[in-house]
Amino acid sequence: MAGPVPLRPDLTVLSGYHSPQVEVEVRLNTNESPLPPPPEWLDELRDELGRIDFNRYPDRDATALRAALAEFHGTDPARVFCANGSNEVLQCLLLAYGGAGRVAALFEPTYALHSHIASVTATKVVRGWRGPDHRVDLEVLDRVIDEAQPVVTFLCSPNNPTGRAESPEVVAHVLERAPGLVVVDEAYGQFSPWSALDLMHSGVTGVERLVVVRTFSKTWSMAACRLGYLVADPAVVGACETVVLPYHLDAMTQAAGRLALRHVDAMEARVALITEERGRIASALAELALESWPSAANFILFRPSARAATDVWQDLLGASVLVRDCSSWPGLDNCLRVTVGTTEENDRFLAALGASLDASRR
Ligand SMILES: *Cc1c(COP(=O)(O)O)cnc(C)c1O
């Protein structure tokens with residue numbers, strides 16, 4: 001064959017998922033925690049590294065980590081599956097339940113990786129659209145689910161990039177209506193007033209098809225580690241174990257996650273601080289008379305109505321402040337998304353934003 005080997009034809013339309021990684025002083029574009037994990041955690045992890053048998057494969061069942069997570073959530077380790085970031089958890093779900101001839105339903109605008117990973121696993125994506133306030137309309141939901149009969153329905157609560165948490169009523173409604181798994185991505189779960197995990201041990205119809213996905217990348221300040229997990233019926237855990245690569249989760253990551261769970265108080269303190277800062281940014285955006293949406297996460301979506309979002313993005317970058325330009329994403333016309341940073345970082349962002357808007361008024 002002459003020339004490059006052709007890609008799987010259904011992959012050629014996918015461009016991958018990348019946030020530009022520019023060198024800046026204030027990085028508010030990928031919703032990470034602005035604060036590191038506690039120093040005690042790092043000390044414990046250093047000690048633990050000395051005890052790992054590096055010549056041996058890691059515990060394939062991540063027994064200790066799953067036990068610690070099960071205890072944290074008051075559930076059974078058989079209901080917990082861990083992987084390299086919640087993205088790998090989602091990929092395992094779609095490898096096990098998606099694939100050719102099967103459908104995943106989701107409601108845009110939402111986390112781009114849901115549709116991306118569905119496509120990579122050859123799962124057909126059927127989309128519903130949120131209303132202008134970014135709520136999922138129940139009529140749209142019913143129509144999409146009834147027509148598509150999805151094997152997986154994705155919800156994201158709080159939803160990235162809009163910030164809104166789904167209500168317990170909406171999740172319960174989807175569980176009742178959807179024929180397949182209902183995957184609630186709770187990457188920002190600790191910022192939200194409620195969790196779909198609260199439904200897990202309730203008598204809600206369809207609860208055995210509920211899958212809650214969490215990550216250590218945001219509230220736990222451990223994005224560098226790549227650790228995520230799901231809580232679901234043991235049959236779902238078994239399905240993921242069928243498709244995941246053997247020994248996929250290395251011993252260091254398993255230890256890092258297990259030790260992090262000793263520092264719940266520190267995590268909750270970080271969440272409280274960021275929530276307070278989120279309120280401060282929201283008030284400042286309102287004072288600047290910018291359209292923005294209420295957030296139950298560590299980021300805020302806003303629209304600098306008087307100016308092109310891309311110009312504002314560029315001005316911010318000029319001030320060494322990087323936010324996410326969502327203006328080309330479907331349903332997010334002229335929108336930017338800012339991650340809540342430290343007090344100093346948020347001050348830098350607000351000052352640069354104010355200056356950008358002022359400049360345009362002159
Ligand atoms: C950040 C984020 C994740 C995190 O993915 P990891 O692979 O765990 O880092 C998952 N879902 C959503 C909605 C996110 O915003």
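In which sense, right-handed or left-handed, does helix 3 pass helix 4? The points below take up this crossing after the sheet.

1. The model is a predicted one, in which local features need pLDDT of at least 70 and side-chain atom pairs count only at pLDDT 80 or more, while totals for chains, interfaces and linings use all residues. Residues are numbered from 1 along each chain as its sequence is written, and side-chain values use heavy atoms, with hydrogens and water left out.

2. Seven strands make up an open sheet of mixed pairing, ordered 2-8-7-6-5-3-4, where strands (E, at least two residues) and helices (H or I, at least four residues) are DSSP runs numbered from the N terminus, and two strands pair if DSSP finds at least two bridges between them. Strand 2 (80-83) and strand 4 (124-129) are the edge strands, each pairing on one side only, and the twist from one strand to the next averages 25°.

3. Helix 3 (residues 85-97) lies across strands 2, 3, 5, 6, 7 and 8, and runs at about 150° to strand 7 (210-215); axes are lines fitted to C-alpha atoms, for helices over the stretch in contact, and angles run from 0 to 180 degrees between N-to-C directions.

4. To return to the opening question, helix 3 passes helix 4 in a right-handed crossing, the term applying if the near helix is turned clockwise from the far one by less than a right angle, and left-handed if anticlockwise. The contact (heavy atoms within 4.5 Å) is made by Asn 87, Leu 90, Gln 91 and Leu 94 of helix 3 with Leu 113, His 114, Ile 117 and Ala 118 of helix 4. The axes of helix 3 and helix 4 (residues 112-120) come within 9 Å and cross at roughly 40°.

5. Helix 2 (residues 63-73) has Leu 65, Arg 66, Ala 68, Leu 69 and Ala 70 as its buried residues, buried meaning under 20% relative accessible area with a 1.4 Å probe and protein chains only. These buried residues pack against strand 2, strand 8, helix 8 (234-243) and helix 9 (251-260), and just after helix 2, Gly 74 takes a positive phi of about 60°.

6. Glu 186, placed in the loop between strand 6 and helix 7 (197-200), is buried, with a relative accessible area of 2%. Leaving aside residues up to four places away in sequence, Glu 186 touches Ser 157, Ser 195, Ala 196, Leu 197, Val 212, Val 213 and Arg 214.

Terms used: Buried < 20%, exposed > 50% of the residue type's maximum accessible area, 1.4 Å probe, protein only.
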